[in-house]
Amino acid sequence: MSAHRTRRPWLLPVVACAAAAATAVPVAASATDAPRAASPTSATAAGAWDGTYYEDALGKTGTALKAALHTTISEQTVLSYSQVWDALKTTDEDPADSDNVLLLYSGRSQAKNTNGGGADDWNREHVWAKSHGDFGTSKGPGTDIHHLRPTDVSVNSARGNLDFDEGGSPVAEASDCYRDSDSFEPRDAVKGDVARMILYMTVRYEGGDGHADLEANDQVDNGSSPFMGRLSVLRQWNLQDPPDAFEQTRNDRIFAIQGNRNPFIDHPEWVEDIWG
């Protein structure tokens, strides 16, 4: 188990997060192929997708909500692993510099054309570690850009396949992140992003389409089992760090490329409706 640092005093308790629900959906990013209706504008209130995309999920909780969302988000365009490079250059573009992407763990803005395997390059991080379920880089969970993010090569290596939890020592080149022998703690600004990506994967991949049945659990050191933890901490992070404009825009851009959405970005309160 992780050797925890003192929990921050502003970390919220795990309670129903209705207050986190009111997030605006930004303007859709430009894309060559939008599989469904165009995204609502930033002036549209949260819930703009409810009458269409999420209509089958409304009014449900628990396993019924999880099942309805699984059916909805399973309709998607499946990318190849090579296509992920170009997709991330769009989804994670730095709003302040269109030639750059923002790296998930370090927060560094880096030139799009420096992707690769060198020590200071950026590469494709599987936030749900690909060894947890042994899906590798195969089409499906291995290429789903909802959980693939640009990261510094060295920081990606430091994270490895660790579960998510709090505690440890600062990570070189990402000193706001921490790691120990069985877990990795991302910087505060993306804790909620990480939680919502992991919980998206839990709902999207249920084992019925030839892929592993991925599940979030309340453990660390899950090894190659198709589990990622720690669920109680991920729930805290979802409350602590609600979706911001970058995460919302990223969700819209993925919808334009891949044809499905992360429901926990549009409705973060659904985390507690399912796992609370």
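**A covered strand and its surroundings**

Leu148, Pro150 and Asp152 point one way from strand E5, Arg149 and Thr151 point the other way, and all are buried. Here buried means under 20% relative accessible area, with exposed over 50% and partly exposed in between (1.4 Å probe, protein chains only). E5 covers residues 148-152 and is mostly covered, five of its five residues being buried. Helices (H or I, at least four residues) and strands (E, at least two) are DSSP runs, numbered from the N terminus.

The model is predicted: local features need pLDDT of at least 70 and side-chain atom pairs count only at pLDDT 80 or more, whereas totals for chains, interfaces and linings use all residues. Residues are numbered from 1 along each chain as its sequence is written, and side-chain values use heavy atoms, with hydrogens and water left out.

The partner of E5 is strand E4 (residues 122-126); the two run antiparallel and are joined by five bridges. Two strands count as paired if DSSP finds at least two bridges between them. His126 has Leu148 as its bridge partner in E5.

Three bridges link E3 to strand E2 (residues 97-102) in the antiparallel sense, and Ser109 in E3 is the bridge partner of Leu102.

The other open sheet has four strands, ordered E6-E9-E8-E7, and its pairing is mixed. At its edges lie E6 (163-164) and E7 (169-171), each pairing on one side only. E6 pairs with strand E9 (residues 183-185) in the parallel sense over two bridges; Phe184 in E9 is the bridge partner of Phe164.

The loop residue is Gln76, placed between helix H1 (62-73) and helix H2 (81-91). Gln76 counts as buried because its relative accessibility is 18%. Leaving aside neighbours within four places in sequence, Gln76 is in contact (heavy atoms within 4.5 Å) with Asp144, Tyr200, Arg204, Tyr205, Gln258 and Asn260. With Arg204, Gln76 makes a polar contact between side chains, at 2.5 Å. A polar contact is a pair of N or O atoms within 3.5 Å; within protein, one must be able to donate a hydrogen and the other to accept it, and residues adjacent in sequence count only if both atoms are side-chain atoms.

As to confidence, the protein averages a pLDDT of 87, and 83% of the residues score at least 70; pLDDT is the predictor's confidence in each residue, from 0 to 100.
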